[in-house]
Amino acid sequence: MPCRGGARMDVKDVRNRAGQLLSLDGKVAIVTGAASGIGHGIAARLAEMGCAVAVLDKNLEGGMETAAEIARDGGRAMAIPCDVRLRSDCREAVNRAVAAYGRIDILCNNAGIVLRKDVLALEEEEWDAVLDVTLKSAYLLSREVIPHMIRNGGGAIVNTGSGWALKGGPKAVSYCAAKGGLLNLTRAMAIDHGKDNIRVNCVCPGDIDTPMLASECRQLGENPEQFMKEAASRPLSRVGTPGDVANAVLFLVSEMSTWITGAHLVVDGGGLA
């Protein structure tokens, strides 16, 4: 393989360099909503690449299962119970992660809930719940984590958006509002904290085979299995997996993307194409 200056780089050297760019050895990550679904996939992938992971979720039992799975595979993880709607819980969780691992390099704001209702059917407390878990939580965790990143010389934040952060969807007003807000929060934070060497990006999944997607189907009175078959009509002919999203997150937090911030990466099998 020719290089600048006429030298040739051995294929093995290229592969080693690629591995180094994706390696997260020595890094520490916090992943919210990591008891299942996309969060579980992200936590497992980051740990696989050498990162110590603090698994945050209100569902402590599920979080412990995620951490145990990572440990069985040779990684490092700890489960921390956290109601991401509460400033006190977020602060305690971050403090526990720092006490255990000494630093925080990566924050993945992944927690979210969806209620499939239009404005007329949605109750005020339901609106508040979706916005608090999905959007406010990113503010609360970022507020606690960014000072640690600044002290470490930088870091990477990835917010889990949605295809519906970019366009509207039926009977999902609170979810669309929360994810749209999360995308623009990403851009604003990238502007504010670029000077601190903190990159902030957003991954926007389409339909992913998770318990949340199955819950959406039930809310709408649809059969999850039938929905999966119909959703496979997109260009890549399948619904996504948590691993598909996790790979995109890995790219955004790794040395592969050191000049990318304030961006969104759509991971939807071509659904928005």
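Modeller: What follows covers the sheet, the helices packed on it, and then selected side chains. Please keep in mind that this is a predicted model.

Biologist: Understood. What is the strand order in the sheet?
Modeller: The order is S3-S2-S1-S4-S5-S6-S7, in an open sheet of seven strands with parallel pairing.

Biologist: Which strands stand at the edges?
Modeller: Strand S3 (77-81) and strand S7 (264-267) do. Each has a single partner strand, so one side of each is left without a neighbour in the sheet.

Biologist: By how many degrees are neighbouring strands turned against each other?
Modeller: The average is 20 degrees, with direction ignored.

Biologist: How many bridges join S1 to S4?
Modeller: Three bridges link S1 (residues 28-32) with S4 (residues 106-109), and the two strands run parallel. Within this part of the sheet, Val31 stands opposite Cys108 in S4.

Biologist: Which strands does helix H4 touch?
Modeller: Helix H4, residues 87-101, packs on the sheet and touches S1, strand S2 (52-57) and S3. The direction of H4 makes about 155 degrees with that of S3.

Biologist: And where does helix H9 lie?
Modeller: H9 (residues 242-253) lies across S4, strand S5 (155-160), strand S6 (198-205) and S7. Relative to S6, helix H9 runs at about 165 degrees.

Biologist: Let us change topic to aromatic residues. How many aromatic pairs does the structure hold?
Modeller: There is one aromatic pair. Its members are Trp164 and Tyr175, whose ring centres are 6.4 Å apart.

Biologist: Why is that pair edge-to-face?
Modeller: The ring planes of Trp164 and Tyr175 stand at 75 degrees, and planes over 60 degrees apart count as edge-to-face.

Biologist: Where in the chain are the two residues?
Modeller: Trp164 is in the loop between S5 and helix H6 (173-193), while Tyr175 is in helix H6 itself. They are eleven residues apart, and the pair links distant parts of the chain.

Biologist: Is Tyr175 buried or exposed?
Modeller: Tyr175 is buried, with a relative accessible area of 10%.

Biologist: Now to Thr66. Where is it found?
Modeller: Thr66 is in helix H3, residues 60-72. With a relative accessible area of 2%, Thr66 is buried.

Biologist: Which backbone oxygens does the side chain of Thr66 reach?
Modeller: The side chain of Thr66 reaches the backbone oxygen of Ala34 at 2.8 Å and the backbone oxygen of Ala35 at 3.5 Å.

Biologist: And which residues does Thr66 touch?
Modeller: Leaving aside residues up to four places away in sequence, Thr66 touches Ala34, Ala35, His40, Ala43 and Val55.

Biologist: On to charged side chains. How many salt bridges does the structure hold?
Modeller: It holds ten salt bridges. One of them is between Arg103 and Asp105, at 2.7 Å from N to O. Arg103 is partly exposed at 29% relative accessibility, whereas Asp105 is buried at 5%.

Biologist: With which residue does Lys117 form a salt bridge?
Modeller: Its partner is Glu126, and the closest N and O atoms of the two are 2.8 Å apart. Lys117 is partly exposed, with a relative accessible area of 26%. Glu126 has 19% and is buried, because buried means under 20%.

Biologist: What about Lys195 and Asp196?
Modeller: The side chains of Lys195 and Asp196 meet in a salt bridge at 3.7 Å, N to O. Lys195 is exposed, with a relative accessible area of 67%, while Asp196 is buried at 18%.

Note on methods. Residues are numbered from 1 along each chain as its sequence is written. This is a predicted model: local features need pLDDT of at least 70, side-chain atom pairs count only at pLDDT 80 or more; totals for chains, interfaces and linings use all residues. Side-chain values use heavy atoms; hydrogens and water are left out. Two strands pair if DSSP finds at least two bridges between them. Helices (H or I, at least four residues) and strands (E, at least two) are DSSP runs, numbered from the N terminus. Axes are lines fitted to C-alpha atoms, for helices over the stretch in contact, and angles run from 0 to 180 degrees between N-to-C directions. Contact means heavy atoms within 4.5 Å. Rings of Phe, Tyr and Trp (its six-membered ring) pair if their centres lie within 6.5 Å; planes under 30 degrees apart count as stacked, over 60 as edge-to-face and the rest as tilted. Buried means under 20% relative accessible area, exposed over 50%, partly exposed in between (1.4 Å probe, protein chains only). A polar contact is a pair of N or O atoms within 3.5 Å; within protein, one must be able to donate a hydrogen and the other to accept it, and residues adjacent in sequence count only if both atoms are side-chain atoms. A salt bridge is a side-chain nitrogen of Lys or Arg within 4 Å of a carboxyl oxygen of Asp or Glu.
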